[in-house]
Amino acid sequence: MHSEYDPDDNFARSFHDDADLDEDAAQEAVAWQFLLLINPGDDDAAMEQFGRCREALIDGEDPVQALRDAIDWRAGFHVEESDAAGLIEVLDELASRLGLRIDWGFDADDDDALADAEVPALINVAFDRLREHHYTLWTYETGDHTQAGFIARQRDDEALRMVAGALGFHVRTGAL
């Protein structure tokens with residue numbers, strides 16, 4: 001029997017109607033894939049963050065919040081829109097994990113320069129500098145007056161977009 005291919009229903013026949021799918025396990029699997037993407041080449045860090053995330057998910061926490069807490073200052077960032085110094089510090093830390101250094105275009109230790117710096121502009125500078133080394137700086141909507149995101153390999157852009165979307169992250173490259 002032949003049926004027509006429906007591109008919107010690729011997995012229609014993947015599981016039987018009576019298949020017992022564990023949605024929590026599926027969510028954990030997607031979270032694991034996400035952590036591997038934002039911890040390029042560092043499976044140990046991804047595993048440590050997964051343990052933290054898994055505990056929060058078991059306690060019923062929202063997946064985005066659980067992951068944000070698990071990756072903060074380890075593989076991601078979450079800073080106030082007005083905290084240019086904090087953003088520079090965390091992105092320098094994340095870039096150093098990848099063996100990279102971000103050239104901000106000014107002395108990041110200069111208080112006067114920091115006072116004039118705007119977080120979205122700094123995010124775009126970091127995005128441009130990281131792209132030179134084939135990495136992408138991603139940001140996502142937080143729903144408040146903060147900026148948050150993570151770094152992944154450029155070659156994983158499409159996978160990151162799909163996996164992050166499945167978890168509820170509304171991501172984009174560079175500043176929002």
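Is Arg 131 buried, partly exposed or exposed? In this predicted model, Arg 131 is partly exposed, because its relative accessible area is 26%. The legends below start from that residue.

**View 1. The salt bridge between Arg 131 and Asp 157.** Arg 131 forms a salt bridge with Asp 157, and the closest N and O atoms are 3.0 Å apart. The pair links distant parts of the chain, with Arg 131 in helix H6 (residues 119–131) and Asp 157 in helix H7 (residues 157–167), 26 residues apart. Asp 157 has a relative accessible area of 17% and therefore counts as buried, whereas Arg 131, at 26%, is partly exposed.

**View 2. Helix H7 and its surroundings.** The buried residues of H7 are Asp 157, Leu 160, Val 163, Ala 164 and Leu 167. Seen down the axis of H7, these buried residues fall within an arc of 135°, so they line one face of the helix. The face turned away from the buried side carries Glu 158, Met 162 and Ala 166, which are exposed. The cover over the buried residues of H7 includes helices H1, H3 (63–71) and H6, together with strands S2 (135–140), S3 (146–153) and S4 (171–173). Just after H7, Gly 168 takes a positive phi of about 105°.

**View 3. The salt bridge between Arg 54 and Glu 28.** The side chains of Arg 54 and Glu 28 meet in a salt bridge, 3.0 Å from N to O. Arg 54 lies in helix H2 and Glu 28 in helix H1, so the pair ties together parts that are 26 residues apart in sequence. Helix H1 spans residues 23–38. At 40% relative accessibility, Arg 54 counts as partly exposed. Glu 28 is buried, because its relative accessible area of 17% falls under the 20% cut-off. Not counting residues up to four places away in sequence, Glu 28 touches Phe 50 and Leu 57 as well as Arg 54.

**View 4. The surroundings of Gln 49.** Gln 49 lies in helix H2 (residues 43–58). With a relative accessible area of 1%, Gln 49 counts as buried. Leaving aside neighbours within four places in sequence, Gln 49 is in contact with Leu 35, Asn 39, Ala 70, Ile 71, Arg 74 and Ala 75.

**View 5. The salt bridge between Glu 132 and Arg 129.** Glu 132 forms a salt bridge with Arg 129, with 3.0 Å between the closest N and O atoms. Glu 132 is partly exposed at 49% relative accessibility, and Arg 129 is partly exposed at 26%. A search of the whole structure finds six salt bridges.

**View 6. The largest cavity.** How many cavities of 30 Å³ or more are there? The count comes to one cavity of 30 Å³ or more. About 40 Å³ of space lies in the largest cavity. The residues that line the largest cavity are Ile 38, Pro 40, Ala 75, Leu 94, Arg 97, Leu 98 and Ile 151. By residue class, the lining divides into six nonpolar, no polar and one charged. Ala 75, one of the lining residues, is also among the contacts of Gln 49.

Technical notes. Residues numbered from 1 in each chain as written. Predicted model: local features only at pLDDT ≥ 70, side-chain atom pairs only at ≥ 80, totals over all residues. Heavy atoms only, no water. Helix = DSSP H or I, 4+ residues; strand = E, 2+ residues; numbered from the N terminus. Contact = heavy atoms within 4.5 Å. Buried < 20%, exposed > 50% of the residue type's maximum accessible area, 1.4 Å probe, protein only. Salt bridge = Lys/Arg side-chain N within 4 Å of Asp/Glu carboxyl O. 1 Å grid on protein atoms, 1.4 Å probe; cavity = no way out; pocket = protein on both sides within 12 Å on 5 of 7 lines; lining within 4 Å. Points joined across faces, edges and corners; volume = space filled by probe spheres on them. Nonpolar A, V, L, I, M, F, W, Y, C, P; charged D, E, K, R; others polar. Arc of directions from axis to C-beta.
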